[in-house]
Amino acid sequence: MIFTLEHELAGRKLKVEIGRVANQATSSLLISYGDTVLLVTAVIQESTEKRDFLPLLVEYREQSYAAGKIPGGYFKREGKPTEREILHGRAIDRAIRPRFPKDMVSDIEVTTFLLSYDLENDSNFLGIVGASACLHVSEIEFDGPIAACRVGRIGGKFVINPTNSEIEKSDFDMLLAGSSGEINMIEFGGKEVPEDIVLSAIEFALPYLKEIEDFQNELREKVGKTKAPYQKLEISEEFSRKIEEFAFQDIFDAMHITDRRVRNEALKEVRNSLEAYIKSEYPQEDFTSELDQTLYELEKRILREMVLKEKRRVDGRRYEDIRPITCEVGVLPRTHGSAIFRRGETQTLVVTTLGTGEDVQKLSELEPEEEKRFMLHYNFPPFSTGEVKPLRGVSRREVGHGNLAEKALAPLIPQEDVFPYTIRVVSDVLESNGSTSMATVCGGSLSLMDAGVPIKSACAGISTGLVKDGDEYVLLTDIVGAEDHYGDMDFKVAGTEKGITAIQLDLKIRGLTMGIIGETFQRAKEARVFILEIMNTTLNKPRESISVFAPKVSSITVPIEKIGLIIGPGGRNIKKITEQTGTKIEIEDGSGRVLISGYSQENVEEAKEIISGMVQEVELGKIYMGVVKRVVPFGAFVEVLPGKEGLLHISEIADTRINKVEDVLKVGDKVLVKVIGIDENGKFKLSRKQAMKAGMGTSEEDGTE
């Protein structure tokens, strides 16, 4: 039996179809918006391992055929997930994960395939809605539904689910997820948008989220299955009581140690003692998972009571305090720009590299843009947390954190016609104890300035945490690892003094009210301004010039019809220019833009001058400083612009009669000449004597006598 449900949303049809495909999955559906279609499946099975966590897998994949394209590359098939696929999958994961039971340990996989893509209606919000609906109607225990939508702002007006074309004109792009009037996931990238406008945008989205929530509830009423019992880690009251009696005071004392390393060592000793105790009490059984879970719950309870009742944080700070900050720039001698940013025990080394047009990143076939010239890459090596792990490929977490920092800095990057460089920023996390992505934003801003990139203003970021018990809650500015681990929220906000450029909200509880979101924005703004003041004491504006080790890049726009002239027959002209100047020249056919790069500014300017001259037209009556290229019995051929030679007749060389041209001119001489005639074929005549009469110089000034 096939069931279909439709709903009109922002002028387009939101449609779900159940029972048509993938029926061997626990739950499956097709969801579409416009001509964008997703297949979403959910599968649950009992785990064969005993564990104390939910092994949820969320996978998002895009098929090239969805947009009628064939994959590039040698193999001509989809390979490892692209960054876009990873980011869309992470957004789905972050939206749905908080709504599973805390004690569930079943194996669950949610898979989303993009089957059709109209290149206008993006699949990011649709994937969240599809995953929620798939779980909501299934037998899998899930506290749904979760609604999602996008919001933009064009011409001062909010737009729900803007198309890709509209997003290009929008002040920001915001992805929201939530239900029952609360928000549990935000992704935001914008052009220094004030906090009050972002709040208004969220409020604008609430009625649309309610529509999508009601749509899913209607779907469940008609085809929903009865929720089935789920696999959980069973921990007896006796076991929990024994652990608490044996170790509560030791854990309590350890959690009150403000030094993280000393605290962790103390907790490790407690765990070792507990492990020995449990083995003596239950010698025939393995209670490792139960022990880990019970310890986690005890530590979590103690930390939360410290925050809510003792009014203190795990490291002794007040709620709004920021850890000590230090900044350094120019720390590496041969890089184009570098900075070290430290906040407490979180430290990042951020390096900027400038490249040419050849260095742009080519994007996948299904992305709105074909390439990008600003990239930020984030690395999280195991030594940053004192761990031993093999260094493998880039993790999903690294992709996500890098994208957030890139989103924060991208609006500040100058346009290509102002600064014609490809820019790559790399953040290597050297120490980690909370919010390395926001440290990357701060270090990245300093590194860009150190490289001489004329960014609009400095940018900083901060993460705010939450501990909530019923109606009582506390916001924590600049959370450390333990507050992230045991708390309820990681709310990252980055921006400038003018406004917000990026947001990422990760939540462990059901949702946030508008009041808490507004309060978090205010707290984050105060912290951001404070951090920017410290950063500005280190470097308050971009360097006046770029590094001597960076390539020098300049650009010029020429008439499209002149491109052939610059290239020349078989590329002869452009090859001659590059050999003469030692530069690299790239020409954009569609725009007529010419990029010139080299390691000497003088060479770049020389090449630019040659190309400028090649595309200029010789003007009648204008006086030029030319160069004698050839001498013939009846005169000389003088180059007045690159590649443009005119005849200077012997009679126009001087006021007095001369017998031989060589008596006055020789090859290589610079000579002032006036254009006195241009024929229909573009050939032109020159006069030295008329140029001199015009008062532009003397024989000594033009270097001929």
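**Sheets, helices and cysteines in a predicted model**

Helix α1, residues 83-96, lies across β9 (172-179), β10 and β21, and it runs at about 140 degrees to β10. Helices here are DSSP runs of H or I with at least four residues, strands are runs of E with at least two, and both are numbered from the N terminus. Angles run from 0 to 180 degrees between N-to-C directions, with axes as lines fitted to C-alpha atoms, for helices over the stretch in contact. Contact means heavy atoms within 4.5 Å.

Colleagues, this is a predicted model, in which local features need pLDDT of at least 70 and side-chain atom pairs count only at pLDDT 80 or more, while totals for chains, interfaces and linings use all residues. Residues are numbered from 1 along each chain as its sequence is written, and side-chain values use heavy atoms, with hydrogens and water left out.

Let me turn to the protein as a whole. It has 15 helices and 29 strands. Its radius of gyration is 33 Å, well over the 27 Å that the globule rule gives for 705 residues, so the protein is more spread out than a compact globule. That radius is taken over C-alpha atoms, and the rule is 2.2 Å times the number of residues to the power 0.38. Along the principal axes, the C-alpha atoms fill a box of roughly 120 × 60 × 45 Å. Two residues illustrate the span: threonine 656 and valine 105 are 551 residues apart in sequence and 104 Å apart in space, C-alpha to C-alpha. Threonine 656 sits in the loop between β27 (644-649) and β28 (670-678).

Of the 705 residues, 53% count as buried. Buried means under 20% relative accessible area, exposed means over 50%, and partly exposed lies in between, with a 1.4 Å probe and protein chains only. Threonine 656, at 56%, is exposed. Among contacts between residues at least 6 apart in sequence, 70% join residues at least 24 apart.

Which strands does it contain, and in what order? It is an open sheet of 8 strands, ordered β8-β7-β9-β10-β21-β20-β18-β19, and the pairing is antiparallel. Two strands pair if DSSP finds at least two bridges between them. β8 (157-160) and β19 (472-477) are the edge strands, each pairing on one side only. On average, neighbouring strands of this sheet are turned by 20 degrees against each other, direction ignored.

Consider β9 within it. Of its 8 residues, 7 are buried, so β9 is largely enclosed by the rest of the structure. Towards β7 (residues 147-154), β9 has 6 bridges, and the two run antiparallel; here cysteine 149 has leucine 176 as its bridge partner. Towards β10, there are 8 bridges, again in the antiparallel sense, and leucine 176 stands opposite isoleucine 186. β9 and β10 form a hairpin with 2 residues between them, and serine 180 in the turn has a positive phi of about 55 degrees. β10 (residues 182-193) is in turn joined to β21 (residues 500-507) by 5 bridges, running antiparallel.

Another open sheet has 5 strands in the order β11-β12-β13-β17-β16, with mixed pairing. At its edges stand β11 (325-329) and β16 (374-379), each with a single partner strand, so one side of each is left without a neighbour in the sheet. The twist from one strand to the next averages 15 degrees. Within this sheet, β13 (residues 346-355) and β17 (residues 422-431) pair in the antiparallel sense over 9 bridges, with leucine 349 opposite aspartate 428 in β17. Helix α11 (residues 514-538) lies across β11 and β12 (337-343), at about 35 degrees to β11.

Finally, the cysteines. How many disulfides does the structure hold? There are 0. Cysteine 327 is in no disulfide, and the nearest cysteine sulfur, that of cysteine 442, is 7.5 Å away. A disulfide is counted here as a pair of cysteine sulfur atoms within 2.5 Å. For cysteine 459, the closest cysteine sulfur is also in cysteine 442, at 7.6 Å, too far for a bond. Are these residues buried or exposed? Cysteine 327 is buried, with a relative accessible area of 15%, and cysteine 459 is buried as well, at 0%.
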